[in-house]
Amino acid sequence: FFIKTVFLWLGGNQVSPLRPICDLRVLDHFVPEARDSEVIMVRSLCCRGGCGVMKSYFVPLTSVDFAVLEHIDVSHDAVEVQTGLSLLDKALSNAMKTVRNSPLANALDNNISNIHSLGQILHSLDLQVVVGLHFTSPHDSAPASTQTQEVSSLPELLQVHSSFLRGKVRLLLSAAPACQRQNS
Amino acid sequence: MTKMRSDRLKIVFMLCLAFITTGGQHFESKVAQLLRDETEDIKCFVEVKDLTCFWEEEEERNNLHDQYTFTYSYENKNKMACVVSSLSLLASNKTVFYCKLPKTPFFTPLDVQVFRDGRMLYSRSLNAENFWFLDPPRNLTVMSSGKEGQLNVSWLPPLLKYIDDSMIYEVRYAVEGNNMGKVEVIKVSTMLVLLGLQPDTRYKVWVRVKPDGVAYTGYWSAWTEPVLGVTQPSDVDPLIMLLVLFIGLILCLLSMTVILSHHKFLLKKLWPDIPSPEHKFPGLFTVYKGDFKEWMSQNNSSMWGRSVHVYTEELPSPLEVLSEVSLTSHGTSQREERQAVEEDEEKESERSDSGLTDRWREPPQAHCLVEQLRALQENPESLSQSLLLQSHETYVTLNQNSQGDDERQVDDVFEETLPLQTLFTTAGTTSLNTSHSDLGSLQQSSGSGRLSSQSSFEYPNHTWPPKGPGYTYMAVADSGVSMDYSPMSSSRIAEPLGRHRMYTNDYKNEIFLHKWPLSGQHTQSGSESCMGPGW
């Protein structure tokens, strides 16, 4: 919590920019943990659609079009990523309340903390939000903030969570200008 | 202008064709491989950026692609159709239908379906980012690294912008002509140094690529065409060789000099001399050529003293025999017997000189004694035995009653040969007592009480001649077992030994306590022979 407040204060005041966290190995560590939740869920005989309370979750879209990706300034997708992470955070927290299986609950808790860390990383990259540009084709009418989907079970939620991290979050981090400057 | 344009178009067309054909070659091989390995009805893979799905033509029908419909959808969107194409595989003589998605969505579940004549044939849901089937790495080069047993291998990564940092490579290398090779796995990096190779050897190298599995997964690509590389020959520096030889030579010379300088010492240690007693016998081997008798004779008192000393150490003399009183009648008859004996001669001379009338009848045992003594001196090995022999047998006592009366002496002698048992039983104790008091001398008070085992040191009825009494005595060195008289006589008279032994033991002990300086020569029966004890 202390670290969070420090980051927020720094981010808010913008007195001194945070050092960008460009190492993708951090994310590459979060991705397997997201997969572990799926595995634990399957092992705990929490069958699809029959485990716990059937609840609907609003989750972000995860699809990525590489063709479109090349032509867009990735930094503009930071808003979508940040929105999506917040959505996943809420959804996972709601799901954890319904889960009684302690290993699964622990895994979900871990995923939630990872999402928070990703938020910090994104913040460190100092991605400026530009309105109007998205991951997907500009022909889509829906605005970026409302690009969500609804899932009705925990397995689907976990699948979306994993896909989101591996796709959009990772692409954004790898294409961040702050990291590109370091690499070049 | 138009000509130039047409030329450019042609060039572009040719390049595109070339690209397609190469892509097609890879495409066909990929299709063929997945056809063998993949078990799903709809087999899909991503080559560059787009997903391709294909299915095998059913054997029953031969119509091409007019009845097949391929649709796909994702994220709850409407289904989209894809154009179906066909491909005939020459190698396996099979036909497949495939569809290449125009806009492939990644990181989202994709639902694909195949319809035939309006009926759904196959369906599948998959994430496109999990089915990468990349082309083999390009521009594989193998070069010698300049060091022994090493090769530098390098290649180009796939032309994919977003997943080039998620690649994993496998490098296979083997000696040319050998199928058994080793495999090295390397992440992200597109160059590798092979170590531990044989020098001056031709190696074949292959490389293939696959996504690392974190964000993207897929199938292993095909192996590249093998590229040959030759390792450097092993270079043994001639300078080092010379140095090694030189040092070796110096070490050899040093060791040789050490060995030569200490060869005597070493020889002594390895081949020790056999010790010789020559230094103890000066002149024995050099002058007398090993003749010990001559050498002995030549050496005088100094050597004799030494030898005597030696003799006394090695040959303890058990007896000292001195002759004293010469006997008359019997003595003459036995003189002849005694003549050979030194001690007898001495005794005779003493007797003759002294003029003693008393004759001392030397019992036959005395002669035996002397003989035994001589034998002992000559043969010291039989010392212990002879000691026993003598001690058991040879006790000669001077009998006073035998002074003037030979017959009587003889009788006395024979009386003395009476079984000692009676003597012991009747007056044994008294005589023993008396013997104690008189230091071994026993009074011949009674005839029966006369103990043949007396050893008379004193002659109360007879005065010693002034010239000194000649008496024979025996000093037995080994005194413990020696004073057994009676068993001898009793055994000859065929008496049981046991009882006598008992008595003799008693007698022996008591008599012997007085430590005889003289031991009377016991006149025993003539039946006794000069032999060792019978028991």
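**Cores and salt bridges in a predicted model**

Q: Which residues have the most contacts inside the largest nonpolar core?
A: They are A:Phe66, B:Phe70, B:Trp132, B:Trp155, B:Leu194 and B:Tyr216. The core has 52 residues. Keep in mind that this is a predicted model.

Q: Where does that core lie relative to domain 1 and domain 2 of chain B?
A: It lies between them, because domain 1 (1-130) and domain 2 (138-230) both give residues to it.

Q: What does B:Trp132 touch?
A: Leaving out residues up to four places away in sequence, its contacts include A:Phe66, B:Val46, B:Glu47, B:Phe106, B:Pro211 and B:Tyr216.

Q: OK, salt bridges now. How many are there over all chains?
A: A search of the whole structure finds ten.

Q: Which residue pairs with A:Glu80?
A: A:Lys168 does, with the closest N and O atoms 2.4 Å apart. The pair links distant parts of the chain, 88 residues apart. A:Glu80 is in helix α4 (residues 78-98) of chain A, and A:Lys168 is in helix α6 (residues 154-174).

Q: Are those two buried or exposed?
A: A:Glu80 and A:Lys168 are both buried.

Q: And chain B? What does B:Lys30 meet in the loop between β1 and β2?
A: B:Glu47, in a salt bridge of 3.1 Å, N to O. B:Lys30 lies in helix α1 (residues 2-37) and B:Glu47 in the loop between β1 (43-46) and β2 (51-56), so the pair ties together parts 17 residues apart in sequence.

Q: Switching to chain A. How many helices and strands?
A: Seven helices and two strands. From the N terminus on, they run α-α-β-α-α-α-β-α-α.

Q: How much of chain A is buried?
A: Buried residues make up 46% of its 184 residues.

Q: Last one. Which part of chain B is annotated as a transmembrane region?
A: Residues 239-260, according to an unreviewed UniProt entry. That span is 100% helix, and its end C-alpha atoms lie 32 Å apart.

Terms used
Residues are numbered from 1 along each chain as its sequence is written. Chains are lettered from A and ligands numbered from 1 in the order in which they are written. This is a predicted model: local features need pLDDT of at least 70, side-chain atom pairs count only at pLDDT 80 or more; totals for chains, interfaces and linings use all residues. Side-chain values use heavy atoms; hydrogens and water are left out. UniProt positions are given in the numbering used here, feature names are shortened, and annotations may be inferred rather than shown by experiment. Helices (H or I, at least four residues) and strands (E, at least two) are DSSP runs, numbered from the N terminus. Buried means under 20% relative accessible area, exposed over 50%, partly exposed in between (1.4 Å probe, protein chains only). A nonpolar core is a set of buried Ala, Val, Leu, Ile, Met, Phe, Trp, Tyr and Cys residues joined through side-chain atoms within 4.5 Å. Domain bounds come from an automatic or database domain assignment. Contact means heavy atoms within 4.5 Å. A salt bridge is a side-chain nitrogen of Lys or Arg within 4 Å of a carboxyl oxygen of Asp or Glu.
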